[in-house]
Amino acid sequence: MRPASCSLCDASLEPILLESPHWRLVLNYNQSLLDKCFLVLRRHAEDITALAAEEWADLHRQTIRVAAAIDAAFRPDRYNYAFLQNQDRHVHLHVLPRYAAPPSVGDHAFPDSGFPGHYTATDRVVVDPGTLDRIAAALRRQVEGYDAATTATAPSEPVEVVDYDASWPTQYTTERATLLDAIESVVDIQHNGSSAVPGLAAKDRVDILVGCRSLRPVSDYYFALVDHGYQLDSLWTVDANSGQQRSHRRLTTADGAAVRYTFVKRREGKFNVHLVRHGTDQWRAPIRFRDQLRANPTTARTYEKLKRRLAETTTSTDDYTLGKSAFIASVLANADPDRTTG
Ligand SMILES: [Zn+2]
């Protein structure tokens, strides 16, 4: 069945982005469409009619993972998927992200010349090896982020609140220097969240609020943070009716009106970095809340009790966060904005 030479059976196929039981995801050298990649069957078969049921099921799962990872990075306007097998007689599915406006990586723009019609099959964009490595590394990390996010929201995942750790402020200070170096146009950086309130129990994560001069498209920050070990976790919009912030994991479901991007680092330290526009509500409210807790030990104690109770009674991060929101709103309502800085 397998011919003497098949380029897709070739063990040197690269860069490989992920391997699943039946498929291997490979990034195209030709990045005529940014993040263009293909899922290759791990055995030699020459037509999709030869696929087994479990291979189809696995392909379905992997397509969802890949699209979620690409969505989180570049928000394509749509995808084309193609089984072609014209040159390589070995089953593979092309994943072709389509863009109305050209996305960019560093100084390199990737225009989709055929949009909104058929992609232009003859376009060739061969980037330098460094840029290709960067795109591959980012996509790998984004897949990991997707896996972690889907696992983290599983009902079995408890939220753990730990006693105050005196190393949190030091961890913040070190990471702050890294972020100032990595992100352009930063006006101010603040340690926020419970780990910024001395004595308060918290989830073992250091939250960092980054106030930017303006909030540019998420792809402008993406690589700088990925290079420092971060994954994009969520994009936040404000609900027009309730005024509440809402998070989106699949960025294509959100409109362009993002007010906050959250990146997380799960290895080499535990940090949540929130990028917002300096001076907006998204900048001021978390700082006001932190200052209230710092200034009012009784309020901080009440908050800690609530958090410990929620950690025991809720089964997901989302429910835990929802449980805190009414308390945070009431503290902010009582806070006098004129008496705090930020
Ligand atoms: Zn083959």
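1. Ground rules. Residues are numbered from 1 along each chain, as its sequence is written. Because the model is predicted, local features need pLDDT of at least 70, side-chain atom pairs count only at pLDDT 80 or more, and totals for chains, interfaces and linings use all residues.

2. Domains. The protein is divided into domain 1 (16–152) and domain 2 (168–339). These bounds come from an automatic or database domain assignment. The centres of domain 1 and domain 2, taken over C-alpha atoms, are 32 Å apart.

3. Helix pair geometry. Look at helix H6 (residues 297–313) and helix H7 (residues 317–334). Helices here are DSSP runs (H or I, at least four residues), strands are runs of E (at least two), and both are numbered from the N terminus. The axes of H6 and H7 come within 9 Å and cross at roughly 165°. Axes are lines fitted to C-alpha atoms, for helices over the stretch in contact; angles run from 0 to 180 degrees between N-to-C directions. H6 and H7 are therefore roughly antiparallel to each other (angles over 145 degrees count as such). The crossing of H6 and H7 is right-handed, meaning that the near helix is turned clockwise from the far one by less than a right angle.

4. Helix pair contact. From H6, the residues involved are Thr-299, Tyr-303, Leu-306, Lys-307, Leu-310 and Ala-311. H7 brings Tyr-320, Gly-323, Lys-324, Phe-327 and Val-331. Contact requires C-beta atoms, placed from the backbone, to lie within 7 Å. The contact residues divide into 7 nonpolar, 2 polar and 2 charged. Ala, Val, Leu, Ile, Met, Phe, Trp, Tyr, Cys and Pro count as nonpolar; Asp, Glu, Lys and Arg as charged; the others, Gly among them, as polar.

5. Cis peptide bonds. The bond from Glu-14 to Pro-15 is cis, with omega near -10°. Pro-15 sits in the segment before strand S1 (16–19). The bond from Phe-115 to Pro-116 is also cis, with omega near 5°. Pro-116 is in the loop between strand S7 (108–109) and helix H2 (129–152).

6. Positive phi at Gln-85. Phi of this non-glycine residue is near 55°. Gln-85 lies in the loop between strand S4 (78–83) and strand S5 (92–98). Gln-85 counts as partly exposed because it has 14 C-beta neighbours inside 10 Å. The scale is: buried at 20 or more other C-beta atoms within 10 Å, exposed at 12 or fewer, partly exposed in between.

7. Positive phi at Ser-185. Phi is near 60° here, again in a residue other than glycine. Ser-185 is in the loop between helix H3 (168–182) and strand S8 (186–192). Ser-185 is exposed, with 12 other C-beta atoms within 10 Å.

How values were computed:
Angles under 35 degrees count as roughly parallel, over 145 as roughly antiparallel, 65 to 115 as roughly perpendicular and the rest as oblique. Two residues are in contact if their C-beta atoms, placed from the backbone, lie within 7 Å.
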